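Thank you all for coming. I would like to walk you slowly through one structure today, and I will begin by putting it on the screen.

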Amino acid sequence: MSDQPRESLSSRLGFLLLSAGCAIGLGNVWRFPYVTGKYGGAAFVILYLFFLLVLGLPVMVCEFAVGRSSRKSMAVAFKELEPEGKKWHVYGGFAALGNYLLMMFYTVVSGWFLKYFFEMVCGKFSSMDAKEIGAAFGQTVGNPVTLIIWMAVVILLGFLVCGLGLQRGVENITKFMMSALFVIMIGLAIYVAFIPGSGAGYKFYLKPDFREMISNEHGLWDTIYAAMGQAFFTLSIGIGSMEIFGSYIDKDYSLTGETLRVIGLDTFVAICSGLIIFPACAAFNVDAGAGAGLVFVSLPNVFNAMGPIAGRIVGSFFFLFLSFAAFSTVIAVFENIVAFGMDKFGWSRTKSVLINLGLVLVLSAPAALGMNVWSGVHFGKIASIDALEDFLVSQNLLPLGSLIFLLFCTWKSGWGWDNFIKEADSGKGIKFPNNKAVKFYLRFIAPLIILVVFICGYIDIFFK
């Protein structure tokens, strides 16, 4: 175990933007718009926000509280806080595994965004028709050398930032990226608002139609489950990705208030992504529910329809926005991985960065190869290597990890409710509700909801 002095962040803003950067990623700017389009628009968004508060908020406060009290990563955080003789710390290894698994496919997809940004800047798509743009994405995914090169670029850049140090690298660069992300996103949303025909997109996105939600092809339950799952998984909670940043902050501010700010930033990006995509799709008659290919196949056609100059500029900023969102998550999770080695084995930051750089490069290659040369590798109903990795993280470690955090912070056999409340409420700001109803909800009802999400995930994949 490491006995090195604990590093800390230089500012409250650094903590908020780092935590938000970890939460803000592909789930916000890629998955959220097309899932919203698929399940009916504004009514789905309202459900999403509801589950964000009743599920996401308490679990994130628990993660931050464990981190701030223990001053350690998940390598040893539970061991620092658990009663003597208990085995909660066993989960620390699974949390680390979750971070590695997440990066094994996330770095590959992040490479897509970076590649498309450079190609948009160079004007590659300007002369293409819709069929050629669709084929271009197929060529990207189908080329193992291309995928591995861009994956490696993302990994090298991410660990380079972590190698510069917590404040000089991780904090300062994430501050810059997140600030640029907000500016680009707001600018794109304003630009799209003035495109003729965009009004229909706002109506679909902002005007709830609960009758449509009940009667749509997916059904009410599937829509509720999708909103619950999107709210739950967008925050990257359950595998210690947030816990690590709690370990780097002081006790000046209460954790409930800080969590609300992080969730607010995360939600703002998700909502604003829709304010860019839906009006643009409506203006150029593109199906907003087109699925995962919406960003890479449908939207380049939208940018082309804006004209050769305007489309190239807007498209370049859009993919830069997506790249920053994805890369902020990569840096945050890499920091968790690096800190695990430092806390568990006493490695220096440099040693942990170098070991994990080689490890993640090797571990991420199968996901890239599974999209082309190893595309014949299947796991029953799970159709690819990256899908298996996503399944293990999204459908298993995230919900079960969140369940463990809730139980650890509310049950006497774990850290316990009183210790959790004391840590969560230390400092100025909004206090965590401390009454019997909330305690009962977090001890019994919220875990039950998480188990429902977990079980339904399996039903959705294996029995439909």
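This is a predicted model: local features need pLDDT of at least 70, side-chain atom pairs count only at pLDDT 80 or more; totals for chains, interfaces and linings use all residues.

**A walk through the model**

Let me start with one side chain: Glu 119 counts as buried because its relative accessibility is 14%, where buried means under 20% relative accessible area, exposed means over 50%, and partly exposed is in between, all with a 1.4 Å probe and protein chains only. Its partner is Lys 124, and the two side chains meet in a salt bridge at 3.3 Å, N to O, while Lys 124, at 33% relative accessibility, counts as partly exposed. By salt bridge I mean a side-chain nitrogen of Lys or Arg within 4 Å of a carboxyl oxygen of Asp or Glu.

Residues are numbered from 1 along each chain as its sequence is written, and side-chain values use heavy atoms, with hydrogens and water left out.

How many salt bridges does the structure hold? There are nine, and one of them joins Glu 423 to Arg 68, with the closest N and O atoms 2.6 Å apart. When I speak of helices, I mean DSSP runs of H or I with at least four residues, just as strands are runs of E with at least two, and they are numbered from the N terminus. Both Glu 423 and Arg 68 are buried.

Glu 171 is classed as buried because its relative accessible area is 0%. Elsewhere, salt bridges that share partners join Glu 7, Glu 335 and Arg 349 into one network.

Let me stay with helix α8, residues 166-193, and turn to its neighbour, helix α15, residues 308-345: their axes come within 9 Å and cross at roughly 150°. The axes here are lines fitted to C-alpha atoms, for helices over the stretch in contact, and the angles run from 0 to 180 degrees between N-to-C directions. What sort of residues make up the contact of α8 with α15? They divide into 22 nonpolar, two polar and one charged, where Ala, Val, Leu, Ile, Met, Phe, Trp, Tyr, Cys and Pro count as nonpolar, Asp, Glu, Lys and Arg as charged, and the others, Gly among them, as polar.

Next come the aromatic rings. Rings of Phe, Tyr and Trp, the last by its six-membered ring, pair if their centres lie within 6.5 Å, and a pair counts as stacked with planes under 30 degrees apart, as edge-to-face over 60, and otherwise as tilted. By this rule the count comes to 40 aromatic pairs, and one aromatic cluster includes Trp 112, Phe 113, Tyr 116 and Phe 125, along with Phe 318, Phe 319 and Phe 321.

Charges also sit over rings, which requires NZ of Lys or CZ of Arg within 6 Å of the ring centre and within 35 degrees of the ring normal. The charged end of Arg 12 is placed over the ring of Tyr 253, 3.7 Å from its centre, and Arg 443 lies over the face of Trp 411, at 4.0 Å from the ring centre.

Two backbone details are worth a look. Arg 71, in the loop between α3 and α4 (77-81), has a phi near 60°, a positive value in a residue other than glycine, and with a relative accessible area of 29% Arg 71 is partly exposed. Ser 236, in the loop between α11 (220-233) and α12 (243-246), likewise has its phi near 60°, but at 11% relative accessibility Ser 236 counts as buried.

Finally, where is Gly 92 found? Gly 92 is in helix α5, residues 91-121, and counts as buried because its relative accessibility is 2%; its C-alpha atom is separated by 6.8 Å from that of Val 76, 16 residues apart along the chain.
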